[in-house]
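This report walks through a few local and domain-level features of the model shown below.

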Amino acid sequence: MSGAVPEPLANALIAGLPRAEQRSLLAACNPVDLVPGNLLCQPGSPLRDACFPLSGCIALATSVGAHPPLDMALVGSEGMLGLSLALGVGGGEPMLGIVKCPGQALRMPAARFRRELAANPRLARAVHRQLLALLAQLARTAACNSFHEVQARLARWLLMLHDRAHADHFHMTHELLADMLGVQRSAVTIAAGAMQRARVISYSRGEIQVLHRRGLEALSCECYRDSRPPPTRR
Ligand SMILES: [Zn+2]
């Protein structure tokens with residue numbers, strides 16, 4: 001492990017559970033580093049572990065032909081990777097799970113997670129709520145990609161990354177952002193350049209700093225506001 005491990009309740013899904021259910025869940029978890037570029041799951045391969053990010057974030061992406069994987073949703077400390085385990089039908093996640101921002105997570109073997117779900121109705125409800133939110137996020141991303149301009153889409157994804165980075169700066173090159181949006185790098189350079197001139201963000205050697213969060217929100221399409229993670233409820 002690198003750096004200090006955030007406390008387990010940094011994950012909102014776990015934090016929203018009653019204490020006894022938190023204890024049962026945490027007893028079967030092991031800490032793991034989230035390393036950018038690491039592939040945590042892919043379509044067709046059974047998912048070996050459920051993963052609860054404490055910091056950093058994971059993109060759920062889909063591949064089409066020779067194109068780079070297109071990011072469809074982000075998972076950070078608000079949720080988990082492995083929601084498909086709640087469906088009980090096997091087959092693994094339907095998308096690639098790729099670490100985008102470094103951080104730490106708690107990992108639990110898939111079989112144990114299924115047992116926890118069966119024994120723990122509060123956990124099952126929380127996971128189902130996350131699954132519904134993920135479906136909404138996926139639908140919104142598909143619509144956003146069709147209807148909205150690159151700058152508005154870029155602002156949305158920067159806000160989503162900002163939310164999950166828990167810091168005003170994060171590492172993300174123009175190339176990674178272009179792959180994320182499914183556009184040419186030059187389109188990201190133009191959109192990000194306009195944001196820099198407006199002093200909404202700064203960018204240097206792959207480090208993005210959010211200078212004016214409200215300004216970034218004003219540049220985003222409504223898709224950011226409409227597909228934020230659900231509030232955690234016990
Ligand atoms: Zn949009």
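## Ala155 and its surroundings

Apart from its neighbours within four places in sequence, Ala155 is in contact with Leu216, Leu219 and Ser220, where contact is taken to mean that the C-beta atoms of two residues, placed from the backbone, lie within 7 Å. Ala155 is part of helix H5, helices (H or I, at least four residues) and strands (E, at least two) being DSSP runs numbered from the N terminus. Ala155 counts as buried because 26 other C-beta atoms lie within 10 Å; the cut-offs are 20 or more such atoms for buried and 12 or fewer for exposed, with partly exposed in between. Between the C-alpha atoms of Ala155 and Ser63, which are 92 residues apart along the chain, the separation is 23 Å.

The model is predicted, and local features need pLDDT of at least 70, side-chain atom pairs count only at pLDDT 80 or more, and totals for chains, interfaces and linings use all residues. Residues are numbered from 1 along each chain as its sequence is written.

## Helix packing

Helix H5 (residues 150–165) packs with H6 at an angle of about 105°, their axes being 11 Å apart; axes are lines fitted to C-alpha atoms, for helices over the stretch in contact, and angles run from 0 to 180 degrees between N-to-C directions. H5 is therefore roughly perpendicular to H6, since angles of 65 to 115 degrees are classed this way, those under 35 as roughly parallel, those over 145 as roughly antiparallel and the rest as oblique. Val150, Arg153, Leu154 and Trp157 of H5 make this contact with Leu177, Met180 and Leu181 of H6.

The axes of helix H6 (residues 174–181) and helix H7 (residues 185–197) come within 8 Å and cross at roughly 110°, so H6 is also roughly perpendicular to H7. Here His174, Glu175, Leu177, Ala178 and Leu181 in H6 meet Arg185, Ala187, Val188, Thr189 and Ala192 in H7.

## The two domains

The chain is divided into domain 1 (8–145) and domain 2 (149–226), with bounds that come from an automatic or database domain assignment. The C-alpha centres of the domains are 24 Å apart, and 12 residues of domain 1 are in contact with 15 residues of domain 2. On the side of domain 1 that touches domain 2, strand E5 (70–75) and helix H4 (121–147) each supply at least two residues.
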